[in-house]
Amino acid sequence: IEVVGAPIFTDRKLLKGAVLAFYDITDFKNVEVMRKDFVANVSHELKTPITSITGFAETLLDEGLSNPDINRQFTEIIYNESKRLKVLINDLLTLSKLEKEGFALSYSDTYLLQIVNEVLPAFKQKIAEKDIVVETYIEDSIHLKADREKLKQILINLLANAINYTPEQGKIKIQAIENETDVHVMISDTGIGIPPDVTHRIFERFFRVDKARSRDTGGTGLGLAIVKHITELHGGKVFVESKLNKGSTFTVMLPKNLDK
Ligand code: ADP
């Protein structure tokens, strides 16, 4: 509670009384705490790759340049860490754009299967490397008014996770069902699953079940936060059902927005 007070004087400037206003600033404080947490998290996430880049570059300059093995190895680390940094900054910019006041989606009539088919080729190599089977069950008539690029982003993030968190020879299914008003898109995998006590947290920025694993697969911890944000901008909802060591299903429910 924040208290603001002001004295009241008589015409002859004598103190007559006072007014006090009590403000409930709980919400404001919560936003403030979240903002501070976020800044601390971002700083930490940026610091990790930068520390590694400067460290390896220094060693390289000091003694590595004359040694071809060290030269190659350290340069590769610097390159990979720089790429991580780029992905992280891109994700942060995406989130910040989505959060800008006045940000508007650009709706157009969008055929879901077409979007899935545009997204899948980017994962072809990864899917082949891990010997994963991907099955798509989407009727080609299913369509909705959506922001095509943003819808693509949802699918990219969910598919990337399904592939990353599924061991070799796993299976991924992309399904959709529709009713009069909504389309439900389900992406399920036979992967490592999510521990039940943290399922409610995985859409939080920077939350990861296993930081090391997420880092190894190039994750930023922002993918699901972006998915949630885009879904909600469309007036939809996203949720997950998961069994540890069995697999996960992410469901995105999107209104068809046929009036848009
Ligand atoms: P990341 O970049 O770490 O993948 P995300 O925001 O996309 O970040 O996901 C947050 C966390 O949720 C991941 O680190 C992982 O622990 C968990 N997760 C997301 N998708 C899956 C999945 N399909 N199977 C198992 N765990 C998942």
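1. Arg-208 counts as buried, at 11% relative accessibility. Arg-208 belongs to the loop between E7 and H6. Its C-alpha lies 20 Å from the C-alpha of Asn-80, and the two residues are 128 positions apart in sequence. The model discussed here is a predicted one, and each value in this note is to be read accordingly.

2. The next point concerns the ligand. The ligand is surrounded by 20 residues, and the closest are Asn-161, Tyr-165, Ser-214, Thr-220 and Leu-224. The side chain of Asn-161 places an N or O atom 2.8 Å from an oxygen atom of the ligand. Thr-220 contributes through its backbone, with an N or O atom 2.8 Å from a ligand oxygen. Asp-189 has a polar side-chain atom 2.9 Å from a nitrogen atom of the ligand. Of the 530 Å² that the ligand exposes when taken alone, the protein buries 96%.

3. The aromatic pairs number 3. One of them joins Phe-203 and Phe-250 in an edge-to-face arrangement, with 6.2 Å between the ring centres and 80° between the planes. This pair connects distant parts of the chain: Phe-203 is in the loop between strand E7 (182-189) and helix H6 (211-216), whereas Phe-250 is in strand E9 (residues 247-255), and 47 residues separate them. Phe-203 is classed as buried because its relative accessibility is 14%, under the 20% limit. Phe-250 is likewise buried, at 9%.

4. Another aromatic ring has a charged neighbour. The charged end of Arg-205 sits over the ring of Phe-38, at 4.4 Å from the ring centre.

5. The salt bridges come to a count of 10. One is formed by the side chains of Arg-201 and Glu-204, with an N to O distance of 2.9 Å. How exposed are the two partners? Arg-201 is partly exposed, with a relative accessible area of 34%. Glu-204 is also partly exposed, with a relative accessible area of 35%.

6. A second salt bridge for attention is that between Lys-228 and Glu-232, whose closest N and O atoms are 3.6 Å apart. Both residues belong to helix H7 (residues 223-233); because they are 4 residues apart, about one helical turn separates them. Lys-228 counts as partly exposed at 32% relative accessibility, and Glu-232 counts as partly exposed at 45%.

7. The side chains of Lys-152 and Glu-149 form a salt bridge with an N to O distance of 3.8 Å. That distance falls within the 4 Å limit used for a salt bridge. Both residues lie in helix H5 (residues 148-164), 3 residues apart, or about one turn of the helix. Lys-152 is buried because its relative accessible area is 17%, and the limit for that class is under 20%.

8. Lys-13, which is not a glycine, has a positive phi of about 65°. Lys-13 is located in the loop between strand E1 (2-9) and strand E2 (15-23). Is Lys-13 buried or exposed? Lys-13 is exposed, with a relative accessible area of 68%.

9. Asn-257 is found in the segment after E9. With a relative accessible area of 11%, Asn-257 is buried, whereas Lys-13 is exposed.

How values were computed
Residues numbered from 1 in each chain as written. Predicted model: local features only at pLDDT ≥ 70, side-chain atom pairs only at ≥ 80, totals over all residues. Heavy atoms only, no water. Helix = DSSP H or I, 4+ residues; strand = E, 2+ residues; numbered from the N terminus. Buried < 20%, exposed > 50% of the residue type's maximum accessible area, 1.4 Å probe, protein only. Phe/Tyr/Trp six-rings, centres within 6.5 Å; stacked < 30°, edge-to-face > 60°. Lys NZ or Arg CZ within 6 Å of the ring centre and 35° of its normal. Near = heavy atom within 4 Å. Polar contact = N/O pair within 3.5 Å; in protein donor to acceptor, adjacent residues only side chain to side chain. Areas by Shrake-Rupley, 256 points an atom, 1.4 Å probe, with all protein chains shown as cover.
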